[in-house]
Amino acid sequence: MLLITQLTAKTKKQNRMKKEISRKEAKEQIDIFFGKEKFSEKEVKKIKTLAMKFNIKLSEYRKKFCKKCLTKLNGKIRIGRNYKTVECGHCRYRNRFKMN
Ligand SMILES: [Zn+2]
């Protein structure tokens with residue numbers, strides 16, 4: 001509840017300054033973002049906030065960055081029975097993804 005209140009307060013403040021974007025535009029921005037070769041931790045944070053604001057599921061894109069340090073995921077991959085584990089080359093955190 002607190003989070004929602006904070007988010008609305010923030011949106012109200014930004015309304016005057018920034019041009020509001022639609023959900024479709026937000027989705028496009030996310031698609032473009034993850035199509036890039038490189039991205040930084042800061043950019044991932046921004047994109048995550050954007051996705052949250054519009055309730056957009058990152059689904060497949062979640063596998064592109066480390067859950068812990070948010071840098072581009074790029075490391076050892078281990079495949080288990082139900083999970084795929086990707087060790088982050090940056091912070092060594094093991095990211096687990098459910099296999100479909
Ligand atoms: Zn990491």
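Helices (H or I, at least four residues) and strands (E, at least two) are DSSP runs, numbered from the N terminus.

Before going on, a note on what I am looking at. This is a predicted model, where local features need pLDDT of at least 70, side-chain atom pairs count only at pLDDT 80 or more, and totals for chains, interfaces and linings use all residues. Residues are numbered from 1 along each chain as its sequence is written.

**Sheet**

I picked out two bridges: T85 has R96 in β3 as its partner, and V86 has N95. β2 and β3 form a hairpin with six residues between them. In that turn, R92 has a positive phi of about 70°.

For the axes I used lines fitted to C-alpha atoms, for helices over the stretch in contact, with angles from 0 to 180 degrees between N-to-C directions.

**Chain and helices**

I counted three helices and three strands in the protein chain, running α-α-α-β-β-β from the N terminus on.

How do helix α2 and helix α3 cross? The axes of α2 (residues 23-35) and α3 (residues 41-53) come within 10 Å and cross at roughly 150°. α2 and α3 are therefore roughly antiparallel to each other; the classes are under 35 degrees for roughly parallel, over 145 for roughly antiparallel, 65 to 115 for roughly perpendicular, and oblique for the rest. I count a contact when two C-beta atoms, placed from the backbone, lie within 7 Å.

**Core and burial**

The largest nonpolar core has eight residues: V44, I47, F65, C66, L70, L73, V86 and C88. Such a core is a set of buried Ala, Val, Leu, Ile, Met, Phe, Trp, Tyr and Cys residues joined through C-beta atoms within 7 Å. Buried means 20 or more other C-beta atoms within 10 Å of a residue's own, exposed 12 or fewer, and partly exposed in between, with C-beta atoms placed from the backbone. By that count, 8% of the 100 residues of the protein chain are buried.

I then checked L73, leaving out residues up to four places away in sequence: L73 touches K63, K64, F65, C66, V86, C88 and N95. Over the protein chain, residues 24 or more positions apart account for 35% of the contacts with a separation of 6 or more.

Most residues other than glycine have a negative phi. I noted L70, with phi near 65°, in the loop between α3 and β1. L70 is buried, with 20 other C-beta atoms within 10 Å. N55 sits in the loop between α3 and β1 and has phi near 60°. N55 counts as exposed because it has 8 C-beta neighbours inside 10 Å.

Technical notes
Two strands pair if DSSP finds at least two bridges between them.
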